[in-house]
Amino acid sequence: MNEALTDLLDLLDLEQIEENIFRGTSRTSLVPRVFGGQVAAQALVAAGRTVPGDRLPHSLHSYFLRTGDSGAPIVYSVDRIRDGRSFTTRRVVAVQHGQPIFHLSASFQKYEDGLEHQGTMPAAPDPESLPTAAEALPHYRDTFRDPGTVERLLDARGAVDLRYATTPPWGSDGRPTKPRSQVWFRTQGKLADDPLLHICLATYVSDMTLLDSVLLAHGRGGWAVGDVVGASLDHAMWFHRPFRADEWLLYDQESPSAAAGRGLGQARIWTQDGRLAVTVIQEGVVRVPRA
């Protein structure tokens, strides 16, 4: 386990300051605000701390309300909406400087057997055959507005081994392509056998690349290139089957629509042996900068 992953696990280990109230800190990110995946993962941790251990998240729905301040703590207040025989529902509000910045609703379920089917995992290259971020990113240094972006990207993703199976937006050279993106990811080290932790780490990673497919459809390089500005608006996930975030997961992403200054990304996360683990949908602001 590398230092970056240790730091991320510390970030997700929230401090409990009162019953149903937790406090988290932040780390710097590529942009001067709290990374959306971080606040979503921390909110899910807070919710999970109030739920019986035999129940795991099966879905979450969330809204990013305000820009988070990475230099200030975040307080997570958990509302115990319902505790049923099979399902448990929690609502979490993340607050900074007296104002809500994020809202999450999550539902937890006690495991049960039932009907089962899934689609077919899409084709993708073996993750071990793909270049690491440290090998691939320096080739794009001249593409970014700031040459220091490469180091900041590597630092922001230091806890996760994330490898592009398709061309990243900043490699599109301004040419629109099919609105489809694939990345493989896993944590940079083994994790404890805590299913909730693996779900929270997948939640963290899920916000890193989901809007790439929107950018590819229009030949845009992204925030680091400077040809779009944007932010996440809402984020939803459904957790179908058990998985480990320290084993390779394929994040297969596409965009069915962009309109009115917003872009929609939808994705499925597959285990390497072909099990559908998670479905993700996110809408974000995607605007062309004014001249």
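How many of the twelve residues of helix H5 are buried? In this predicted model, the count is eleven of twelve, and H5 is thus described as mostly covered.

Helix H5 comprises residues 195-206. From the first C-alpha to the last, H5 reaches 17 Å, close to the 16 Å expected at 1.5 Å a residue. Its buried residues are Leu196, Leu197, His198, Ile199, Cys200, Leu201, Ala202, Thr203, Tyr204, Val205 and Ser206. At the start of the helix, a side-chain oxygen of Asp194 comes to within 3.1 Å of the backbone nitrogen of Leu196.

What does Thr203 touch, leaving aside its neighbours within four places in sequence? Its contacts are Gly37, Ala40, Ala41, Leu44, Leu60, Met237 and Phe239. One of these partners, Leu60, is 143 residues from Thr203 in sequence, with 9.6 Å between the two C-alpha atoms.

In helix H4, residues 149-156, the buried residues are Thr149, Val150, Leu153 and Ala156. Because they cover an arc of only 135° around the axis, they are on the same side of H4. As a general point, an α-helix has 3.6 residues a turn, so residues three or four places apart point the same way. What do the buried residues of H4 pack against? Their partner is H5.

Not counting residues up to four places away in sequence, Val39 touches Val34, Phe64, Ile74, Tyr76, Ala94, Ile101 and Phe102. Speaking generally, nonpolar side chains in soluble globular proteins tend to be buried together.

Asn20 lies in the loop between strand E1 (15-18) and strand E2 (21-24). Is Asn20 buried or exposed? With a relative accessible area of 18%, Asn20 is buried, since the cut-off for that class is under 20%. The side chains of Asn20 and Arg80 are joined by a polar contact of 2.7 Å.

The next topic is the aromatic rings. Searching the whole structure gives five aromatic pairs. In the pair of Tyr164 and Trp170, the ring centres are 5.7 Å apart and the planes stand at 75°, so the pair is edge-to-face. Tyr164 counts as buried at 15% relative accessibility, and Trp170 is buried as well, at 10%.

Finally, I come to Leu216, which belongs to helix H6, residues 212-217. Its relative accessibility is 3%, so Leu216 counts as buried. Leu216 is 46 residues from Trp170 along the chain, and their C-alpha atoms are separated by 8.9 Å. Which residues does Leu216 touch, not counting those up to four places away in sequence? They are Thr167, Pro168, Pro169, Ser172, Arg175, Pro176, Thr177, Lys178, Arg180 and Ser181.

Note on methods. Residues numbered from 1 in each chain as written. Predicted model: local features only at pLDDT ≥ 70, side-chain atom pairs only at ≥ 80, totals over all residues. Heavy atoms only, no water. Helix = DSSP H or I, 4+ residues; strand = E, 2+ residues; numbered from the N terminus. Expected span 1.5 Å × (residues − 1). Buried < 20%, exposed > 50% of the residue type's maximum accessible area, 1.4 Å probe, protein only. Polar contact = N/O pair within 3.5 Å; in protein donor to acceptor, adjacent residues only side chain to side chain. Arc of directions from axis to C-beta. Contact = heavy atoms within 4.5 Å. Phe/Tyr/Trp six-rings, centres within 6.5 Å; stacked < 30°, edge-to-face > 60°.
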